[in-house]
Structure formats: structure tokens, C-alpha cells
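Please keep the structure in view while reading.

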Amino acid sequence: MSIHFDASARVLTLRTASSSYQMQIDELGFLRHLYYGRDTGTADLRHLHRFYDLGFSGNHYEHRLERAPSPDTIPQEYASSGAGDYRVPAVVALTPSGHRGTDWRYVSHEITAGKYALAGLPSAYDNGGECETLTVTLRDAASGLTLRLHYGVFEALDIITRAAELQNDASVPVTLEKAASVCLDLPFGSWDLMHFHGRHCLERQPERLKLPHGVVSVGSERGMSSHQHNPFVILCDHAATEDAGDCIGLMLVYSGSFRCEIERSQTDSVRAVLGVSPLDFSWTLQPGETFTAPEVLLSCAEGLTRLSQQYHRFLRRNICRGRHHLARRPVLVNSWEAAYFDISADRLLALAREAKDVGAELFVLDDGWFRGRKDDNAGLGDWFENKEKLPHGLGDLVSRITALGLQFGIWIEPEMVNENSDLYRAHPDWALTVPGRTPIMARNQLVLDMSRADVRDYLFDTLSALLREHDISYVKWDMNRSLSDVFSKALPAARQGEVLHRYVLGVYDLLERLTSAFPDVLFEGCAGGGGRFDAGMLCYVPQIWLSDDTDPIERLKIQRGTSFGYPMSAMGAHVSASPNHQTGRTTPMETRAVVAMAGAFGYELDLTKLSPEEKDAIRAQIRRFRADEDVVQNGLYYRLTDETNTWFTAWQTVSEDQSRSIVSLVVQNVEPYKSAPHLRLKGLDPDAVYEIEEDNIAVSGAALMYAGYTMARMLGDYPAAQLHLKKKEGESQ
Ligand code: DGJ
């Protein structure tokens with residue numbers, strides 16, 4: 001049993017393999033948070049921690065005489081505004097009286113086997129007997145709102161999922177102005193915040209800060225989870241390292257505008273509130289209606305490495321779905337950086353022949369293939385073949401490429417429309433624009449109103465026809481602008497605050513319909529690279545194009561930052577041309593391959609221009625990737641260097657049974673006359689003997705981890721190296 005209820009103490013304890021989460025229904029019916037951290041068993045923690053009355057913070061009416069602890073100091077499970085807790089609220093509800101506060105009191109709770117589901121939203125799933133659910137129901141008498149807090153406890157996986165549902169049980173409408181998914185109070189400790197910021201072509205850069213007093217807020221108001229901030233944060237002990245110290249992760253399963261607020265209060269307690277962004281948000285609940293806030297994945301671990309590994313495993317097994325999520329992925333060749341918009345059947349066929357020749361399995365026709373698409377000013381919305389570029393038709397191209405023995409993949413950007421398209425000419429009202437105002441253009445395109453069922457039906461019908469009529473094995477689903485002018489012509493003025501969230505629900509609806517109708521197709525996500533790299537998208541696509549920056553030296557930073565929350569198998573990573581198209585940097589082919597092999601691997605360069613030696617190198621790389629991919633994609637991942645190391649970046653993956661390991665290293669800045677890079681390996685069996693293939697030596701895991709291993713000296717421009725370790729069966733030291 002991972003959920004335990006002590007009826008006399010009215011204490012609920014959730015336990016995973018190495019963490020405990022505890023809450024208490026207090027004498028007034030408030031759901032107090034007691035603890036989330038390393039496993040404390042089912043020990044009743046109520047009397048270990050003391051809270052006090054605070055000047056200018058107030059007391060509950062029932063405690064006005066004895067001045068019991070103020071609601072402003074008590075850790076809460078789902079804090080509200082307007083009722084004596086002045087910290088960041090999880091919910092702001094405009095009630096029929098015009099007042100904005102709620103005062104949640106316990107009604108009941110239920111413990112059930114399996115995982116709760118969330119209507120219309122992607123969420124984690126149970127592979128069978130892995131999860132137990134706690135649902136606590138609370139009520140605010142004044143507004144008539146009912147709150148259901150769900151907790152999914154994945155004991156062995158060390159993950160607790162949380163979600164909140166707000167139901168209007170009054171007889172008049174109630175409007176939500178904020179409805180976060182989670183409120184997590186950490187009453188004691190010295191916490192740092194790690195968040196992941198960036199921009200187009202440099203996504204998910206970790207930043208760690210000691211929390212100041214007040215509120216630190218990160219998020220996105222772009223209608224997409226964004227390149228700029230990721231809906232994943234870590235709260236870690238000020239002294240925490242990769243290997244030690246309390247670390248708690250909060251990951252939102254959502255792909256739209258979000259906000260994460262972290263408050264360090266007057267008493268130094270810390271509160272994290274994470275959910276849909278309240279900016280430009282309001283949601284009116286008619287009597288009987290329910291609003292469901294997206295899910296959050298909580299995890300707690302000793303050290304950042306372990307925390308990352310817990311998320312990697314969970315996202316691979318319990319978020320990603322479908323036939324491809326645990327299967328080996330095809331090595332692909334993508335046409336984008338090879339040809340951009342300059343495509344013809346002959347050029348694509350020449351590229352595909354080379355792809356087959358070097359051993360790739362999937363050929364992806366990127367942007368530029370559809371009606372009217374000469375450049376990025378026209379055509380979006382018209383998902384039909386382009387007879388000017390492909391006079392014999394798309395079908396002819398697909399059959400010639402599949403006849404080579406390759407799978408065929410195609411690029412689409414369903415959520416967008418160009419003004420210069422038949423779709424826009426027929427349905428200008430389908431684009432998000434504000435009446436009477438010229439819209440903001442980005443890449444000269446507009447955003448389709450995905451909150452509309454008719455828009456989604458058009459896209460489903462058109463894209464289904466494309467996938468039905470052609471032998472397409474893979475789809476790259478791109479999205480190339482932030483939302484603006486968020487106004488739906490299908491909704492009344494009073495409901496315009498719902499459009500941003502309804503847009504995301506609409507994207508999920510279309511993804512759900514298409515991925516269900518075409519279960520054999522491998523879908524890859526993309527948003528100008530990694531602008532929508534989040535657990536919500538991963539519920540539909542097991543891999544996402546990591547970044548539009550394909551320079552391997554830049555990718556080291558992006559892959560490392562992304563690895564704090566997301567698994568290698570989810571990171572689309574390609575070998576591109578040198579000099580690189582984004583940075584102009586020249587790097588060795590081997591370095592580009594070593595970096596790309598740490599993800600869902602492929603090539604994105606004009607193979608027809610390569611020398612026979614370079615093609616031989618690619619053949620060998622693909623063979624090597626195939627031999628290593630199980631360890632890389634499914635193994636435990638270790639960051640061996642931190643961002644202060646400007647000399648080199650190294651990482652390691654170890655198979656779960658510790659029998660194999662691969663170490664990869666790239667030198668970013670050659671420093672002459674310095675000793676060569678020295679690595680202390682991680683995650684090995686200390687007593688086992690490992691052979692290092694590249695060095696013809698055999699030594700214990702303990703020696704490699706504690707004494708470390710010095711690489712051969714590496715000079716020149718951006719050299720890279722890999723070590724392959726294999727456990728010697730039956731030998732120990
Ligand atoms: C942005 C993507 O990230 C690129 O890989 C490419 O597909 C272009 N869009 C095509 O327009």
C-alpha cells in the first residue's frame with residue numbers, strides 16, 4: 001500500500017520507494033501539508049513541526065481566542081487568496097458575491113487502485129498495478145465550489161502526480177481567474193531554485209539561484225511552453241550536488257502558457273505554485289461544470305542525477321505512449337538543412353539514395369513540399385501536394401523512396417496558416433486575430449484557432465487523407481510562432497479569457513485523434529526546434545526536435561540542460577553540415593556524431609556532397625549507434641561535468657543491469673600543455689571488472705569511479721571521444 005490513512009490522527013501518507021508525502025486534515029477541516037521529502041515511513045509528523053501566530057497575519061475565527069497558528073504560516077495543499085494566507089495562491093475564484101476568496105474545508109477522501117484520468121488533458125498512465133490514487137474532496141461553502149485534489153502514487157518509480165479539479169456546485173456561474181495545478185509548501189530548509197531558460201536556438205539552460213524573499217516567477221505567456229522557459233523546475237537544498245542533497249522536481253504536463261511562482265515568505269518557508277498562466281485567463285463555470293487543471297509530476301531524490309533519472313524513466317514508460325515509445329527509433333535523414341525550400345523530385349531522390357546507401361532507415365521530407373509553398377510566406381494550411389515542385393505527384397515520390405527500402409516521413413505545421421493560402425482565403429475567421437486590429441505576424445504566418453471544432457475537423461480530415469493516401473511512417477509536427485491576438489470569433493466576449501487554454505486543449509484533441517487513427521506512424525514534435533519541449537507533448541510524440549541550433553558545441557549545452565528533466569530518447573538530434581549553418585563553426589564529423597548519438601539520432605545535411613571517406617564514416621557511425629542505442633536510450637544517464645567546466649563536456653550512460661556503459665566526451669576549448677581530461681565515472685558496479693574497449697584494459701568499477709580514468713590527450717578543433725565499457729562476466733575485484 002503506497003497510501004496510508006491514520007484515521008485517529010487524520011493523517012494521510014503517500015509513500016514511494018524513497019520518499020514520503022504527508023498531509024493532515026486538521027480540526028477545522030483544512031488540508032494541511034506536513035511533509036514532502038526523503039522517506040520517513042508513515043511516522044506521524046504532526047507534532048514535529050511547530051507553527052505560530054504571526055502579527056498582521058490573522059487567525060481562523062474558531063481560534064480567535066487562543067491565537068492558534070495563522071493560516072499565513074501553515075503549509076497548505078491548495079492555497080486560496082482572500083482567506084488569511086497572504087502567500088501566492090493556487091486559486092483565485094470570482095464568486096457570485098463578487099468576493100475572490102475561497103476557504104476549502106475537507107469533505108471526504110478516497111483511495112483507489114490505479115491512476116485517475118483527466119478529461120481532455122494528457123496525463124501519466126499506469127502500466128498495470130503501478131499506481132494508487134488518493135482523491136481528497138474539499139468544499140468552499142460561500143461560493144459553492146468543490147475542489148478535488150488527485151494524487152497518483154507511483155511507488156516503485158518515485159513519482160507522485162498531482163492534479164486539481166474545480167466544480168461549480170452553486171446555482172449561479174463562478175469565474176476562475178487562476179486555477180493552478182499544484183501548490184507545494186516546504187516549511188523548512190534552505191532552498192535553491194533551478195529553472196531552465198533560453199531562447200530560440202538555445203533552449204533549456206539551467207539557472208540556479210538562492211531564493212530571495214518575495215516571489216520569483218518564471219513562465220510563458222506565448223500560448224506554448226516556449227523556448228524561453230520550461231514548465232519544469234527543481235527545488236534543491238542549497239548544498240545539493242549531482243550526488244547528494246534533497247532535490248524536488250515539479251514538471252507540468254502542459255504545452256501552453258504556464259506560470260511557476262516560488263515564494264520565500266517572511267518565515268523563510270517556501271511555496272511553489274505551478275499551473276496554467278493566470279495572465280489573460282478566466283474560465284467561467286456554469287452550474288455543474290468542472291475545470292480540470294493539468295497534471296504535475298512531482299519527484300524527490302537525493303542528488304540531481306537521481307532526480308533526473310527518475311524523470312527519464314517515468315517519461316519514457318508512463319508519459320510517452322503508443323507503439324514507438326519504447327521501440328528502437330529509425331535512423332533518419334531529414335531534407336531541411338540539406339535543401340531547405342529548394343526541393344525537387346530529383347534532388348530528393350538523390351538524397352534518399354545516399355540515405356539508403358549509408359544505412360539510414362527513414363527519409364524525412366521537411367518543409368516546402370505542399371501547395372503554394374515556394375518559401376515561408378505562403379501555403380500553410382493547404383496540406384495537398386505541390387505539382388510545381390513534384391510534377392509526378394507526392395505519391396510517386398513516396399513510392400520511389402519506399403521502393404529504395406526506406407521509410408518515408410513528412411513535415412506538417414497544422415496549427416498555422418499563411419494569408420497567402422486557399423485555406424485562409426476561404427476561412428479568414430479561422431485565424432486568431434482581433435477585430436479591427438492588424439495582427440502581429442511571425443514568419444509571416446497566423447495561428448489557427450484550435451479552440452474551434454470546425455478547424456480541428458478540417459485538419460483531421462485533410463491530414464488523415466494525406467496519411468491514408470501515402471505510405472507515410474513518420475510525421476514531424478512543427479509549430480513556428482508564439483501566439484498573439486488571442487481572440488476567437490467563435491466565442492462570446494465573456495469567454496475570450498478561455499481561448500489560450502482552449503487552444504491547447506484543441507491541439508491535444510487533434511493529436512489524440514490523429515495518433516489514435518494512425519498508431520503505426522511515429523510522430524515527432526517540434527516548435528522551431530525545442531519551443532514546445534514538455535511532458536504534455538510527450539504524451540503524443542515520443543521524440544521532439546531539440547533545437548534549431550544543430551551546432552554540436554551549442555548542442556552540448558542544450559542537451560545537458562534538457563537532461564535535467566527529459567530522457568535522451570525524447571531528444572531529436574542530428575548530424576548537420578560543417579561549417580554549421582547557425583554558427584558557422586567547423587567541427588569534426590566524429591564530434592557531430594558523438595553529440596547526436598545522445599538522442600533520437602539522424603542526419604540533416606546534403607549527403608550528395610560528401611566524400612567517400614565521409615560516407616564511410618557515416619556508415620560506421622550508424623552501425624555504432626545501432627550497437628549502443630539500447631544503453632543510450634534506456635540506460636541511466638550521468639552528467640560528468642558541470643557548466644563551470646569550459647574545457648570539456650562529458651556524460652555517461654549505464655545499462656540498468658550495470659553490464660554496459662558508454663562514456664562520451666567533447667573538448668570545447670583546447671588548452672595546450674594541460675593534462676588530458678580526467679573523468680571519475682559513475683553508476684558502475686564497484687565490485688565488477690569492466691573492460692574498456694578503446695584501451696584494452698580491464699579494471700574494477702570501483703577504480704573507475706573513485707580513482708578515475710584519464711583520457712588520451714585530445715588536441716585540435718573540438719575533438720570527441722567515446723569509451724565503451726563491458727562488464728567481464730564472472731570476474732570481480
Ligand atoms: C523549424 C524546424 O525546427 C526546422 O527543423 C524546420 O522543420 C523548419 N521549421 C521548417 O520550416
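Predicted model: local features only at pLDDT ≥ 70, side-chain atom pairs only at ≥ 80, totals over all residues.

Leaving aside residues up to four places away in sequence, W369 touches I343, W383, F384, E385, N386, L390, L394, I410, W411, I412 and L466. W369 also belongs to the largest nonpolar core, which has 195 residues, and within that core L250 and W369 touch the most other members. Helix α7, spanning residues 499-517, supplies the largest share of this core, with nine residues. A further core of 24 residues lies apart from it, and its members include F648, V667, M711 and A721. As a general background, nonpolar side chains in soluble globular proteins tend to be buried together.

The chain is split into domain 1 (3-319), domain 2 (332-634) and domain 3 (648-732). The centres of domain 2 and domain 3, taken over C-alpha atoms, are separated by 35 Å. In the contact between these two domains, 17 residues come from domain 2 and 18 residues from domain 3.

The next element to consider is a sheet. Four strands form an open sheet in the order β11-β18-β17-β14, and their pairing is antiparallel. Which strands stand at its edges? They are β11 (182-186) and β14 (214-220); each has a single partner strand, so one side of each is left without a neighbour in the sheet. From one strand to the next, the twist averages 10 degrees. The pairing of β11 can be followed in detail: five antiparallel bridges join β11 to strand β18, which covers residues 270-276. Within this arrangement, V182 is placed opposite L274 in β18.

The cysteines remain to be examined. How many disulfides does the structure hold? The number is zero, where a disulfide would require a pair of cysteine sulfur atoms within 2.5 Å. For C247, the nearest cysteine sulfur belongs to C236 and is 5.1 Å away, and C247 is in no disulfide. Is C247 buried or exposed? C247 is buried, since its relative accessible area is 0%, and the limit for a buried residue is under 20%. C526 is likewise in no disulfide, and the nearest cysteine sulfur, that of C201, is 11 Å away. C526 is buried as well, with a relative accessible area of 5%.

Note on methods
Residues numbered from 1 in each chain as written. Heavy atoms only, no water. Buried < 20%, exposed > 50% of the residue type's maximum accessible area, 1.4 Å probe, protein only. Pairing = 2+ DSSP bridges. Helix = DSSP H or I, 4+ residues; strand = E, 2+ residues; numbered from the N terminus. Axes fitted to C-alpha atoms, helices over the stretch in contact; angles between N-to-C directions. Core = buried A, V, L, I, M, F, W, Y, C linked by side-chain atoms within 4.5 Å. Contact = heavy atoms within 4.5 Å. Domains from an automatic or database assignment.
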